Amino acid sequence: MEDYENAKACLNHAKQCEALGDHHKAMVLFGRGECLAGHESTKRKCARGVKTSLKHLEEQLSGKYEWAEIFRADPDALLGSPKTFVHLPLTAYSEPVTAVMGRFGRGLAVRRDVAIGDLLFVDKAWVVGNYEDLLDAAMKSLEDCSDLQLHRLMELYDGTNGANPLMEKLLPGRVARNVPLDHAELDEERLQRILRFNAITRWSLLDGELSSTVKGDDGDGNTPGTTGTGYAAGLWCLASFVNHSCRPNVNFTFLGDVLTCRATRNLKAGDELLVGYVRLDRPLLFRRKELSATFDFHCTCHRCILEEALVPDGSKYLQQIERLTQVPSKDKSFPWIEAWSSLYRQIEYEISLSIKQRGKELDQDLSLANSLDALFEKSWTPEHDQQREERLKHQEELRNNIARLQGQAKPVGFEHPGREDVYS
C-alpha cells in the first residue's frame with residue numbers, strides 16, 4: 001500500500017510538472033512512479049506518462065514534430081479548409097525566439113540568424129471556435145484553467161498594458177519553474193478586450209475564395225461551444241505577441257488547434273518577428289481602415305509610408321485584386337497568373353514613374369529614405385549590389401563627361417545620383 005501511495009504521489013507531481021512545461025522532470029517522476037507502482041493501472045499510467053513527456057521534451061527542445069501524423073489528424077489543413085478544429089496532443093516550441101521591446105512595443109525577436117522557411121515557434125490554442133461565441137467559450141475555459149494558463153492570458157495586450165515588459169518564463173514553450181504565480185482574477189470586461197486585440201482569424205481557401213468560416217463536427221453544423229457557422233478564430237498566446245507589418249517576415253499556418261510560425265525571409269539575430277493582421281492584398285486605405293477599427297492603431301510600417309507617397313490612389317486596383325483573389329480551376333490557372341503579372345507590372349510602372357517624379361524628395365524626406373532602404377536593401381541579393389555599383393559608376397562617368405563638355409569642374413544642373421537613380 002505504501003508503494004502505491006508513493007507511486008500516486010509521483011504521478012500527481014509529474015502531471016504538475018508536465019503542465020508547467022518541465023517535461024524532463026515529469027519524465028523522471030513518471031519513471032519513478034512506474035518503478036514504485038504496485039497497482040497495474042498506476043503502472044500503465046506512469047508508462048504512458050514517460051512516453052508522452054519524452055515526446056513533449058523533444059518537441060520543446062528541438063521543434064521536432066511528427067508532421068505526417070499531424071496532417072493525418074487534420075487532413076483539411078492540407079487544403080487550408082477550417083471545417084473543424086482538431087485538438088492535437090502537442091506541446092509548444094519557442095526556443096528560437098525571445099521577448100523584446102521593439103519598434104511597435106513589446107514583441108518577439110529571433111535569438112539567432114534563421115533562414116527562410118525555418119520553424120520559429122509552435123503554439124497551442126488557449127481557446128478556439130466561432131468568433132461570435134469566443135467570449136463564452138473563453139469564460140468557460142477560465143473555470144478549468146491552471147494558474148499558469150491564467151497568468152499567460154493576463155500577459156496579453158488588453159489596450160492598457162502595452163508598456164509592461166513580457167516575462168520570458170511565461171512564454172509558451174518555456175519551463176515556468178520558480179515563477180511567482182500569485183492568485184489572480186480576470187473579469188469578463190478585460191477578457192473581452194484581450195479577445196478583441198488578440199483573437200486570430202483562420203483564413204483559408206474554400207471553393208476558390210478566401211474564407212474564414214468554420215463548420216462544426218457534431219453532425220449538426222455546430223462546433224462544440226459555438227452556434228452554427230461563423231468566423232473561425234482562436235487565441236494563441238505566443239502568436240499574440242507578434243507585432244504587425246504590411247510587409248511581414250513570418251507566416252502563420254494552422255493545423256487543428258495548433259499554430260505554427262515560419263520565417264518568410266532570412267532574418268538576423270535580434271530581428272523582430274512581424275506578421276500581417278489583415279489581408280495584405282488590399283490597398284493602403286483599406287488596410288489602415290481595418291487596422292484602426294479593429295486594433296486602434298495607424299500603421300506606419302515601411303510599406304505604408306512608401307505606398308502613401310508613391311501610390312496614393314491604390315484603391316483603383318481594388319476591383320482587379322478582388323477578382324484575382326478567386327482562385328480559378330486548373331484549366332484557367334495560366335490566364336489567372338498572367339492577369340496577376342499584368343497587375344504587378346501596372347503597379348510597378350506607377351511606382352517607378354512616381355520615384356522619377358519625386359526623386360529629390362526621396363533623399364530629403366528621412367522617413368521615405370529610411371523606408372526605401374529598409375524595404376529594398378533587405379531584399380537585395382549580391383547581384384543587386386553589383387548592379388547598383390555599376391549604375392552608380394555609370395552615373396559618375398556621365399557626370400564627368402557632362403562636366404568636361406561644359407568646361408566645368410562639376411556639371412551644372414546635374415546632381416550626385418540619389419535614391420531615385422538607385423531604386424528606379
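**Exercise 1. Aromatic pairs**

Seven aromatic pairs are counted in this structure, which is a predicted model. Task: classify the pair formed by Tyr277 and Phe297 from its geometry.

Solution. 
- Step 1. A pair of aromatic rings is described by the distance of the centres and the angle of the planes.
- Step 2. For Tyr277 and Phe297, the centres are 6.4 Å apart and the planes stand at 80 degrees.
- Step 3. Planes over 60 degrees apart count as edge-to-face. The pair of Tyr277 and Phe297 is therefore edge-to-face.
- Step 4. Now place the residues. Tyr277 sits in the loop between strand 13 (274–275) and helix 8 (284–295). Phe297 sits in the loop between helix 8 and helix 9 (302–310). The pair thus ties together parts that are 20 residues apart in sequence.

**Exercise 2. Extending the cluster**

Task: classify the pair of Phe295 and Phe297, then state which residues are linked into a cluster by ring pairs.

Solution. 
- Step 1. The ring centres of Phe295 and Phe297 are 6.4 Å apart, with the planes at 40 degrees, so this pair is tilted.
- Step 2. Ring pairs join Tyr277, Phe295 and Phe297 into a cluster.
- Step 3. Check accessibility. Buried means under 20% relative accessible area. Phe295, at 14%, is buried. Tyr277 has 28% relative accessibility and counts as partly exposed. Phe297 is also partly exposed, at 27%.

**Exercise 3. The surroundings of Asn249**

Task: decide whether Asn249 is buried or exposed, and find which backbone atoms lie by its side chain.

Solution. 
- Step 1. Asn249 belongs to the loop between strand 10 (243–244) and strand 11.
- Step 2. Its relative accessibility is 5%, so Asn249 counts as buried.
- Step 3. A polar atom of the Asn249 side chain lies 2.9 Å from the backbone oxygen of Glu272. The backbone nitrogen of Leu274 lies 2.8 Å from a polar atom of that side chain.
- Step 4. Leave aside residues up to four places away in sequence. Asn249 then touches several residues, among them Arg262, Ala263, Thr264, Glu272 and Leu274.

Conventions:
Residues are numbered from 1 along each chain as its sequence is written. This is a predicted model: local features need pLDDT of at least 70, side-chain atom pairs count only at pLDDT 80 or more; totals for chains, interfaces and linings use all residues. Side-chain values use heavy atoms; hydrogens and water are left out. Helices (H or I, at least four residues) and strands (E, at least two) are DSSP runs, numbered from the N terminus. Buried means under 20% relative accessible area, exposed over 50%, partly exposed in between (1.4 Å probe, protein chains only). A polar contact is a pair of N or O atoms within 3.5 Å; within protein, one must be able to donate a hydrogen and the other to accept it, and residues adjacent in sequence count only if both atoms are side-chain atoms. Contact means heavy atoms within 4.5 Å. Rings of Phe, Tyr and Trp (its six-membered ring) pair if their centres lie within 6.5 Å; planes under 30 degrees apart count as stacked, over 60 as edge-to-face and the rest as tilted.
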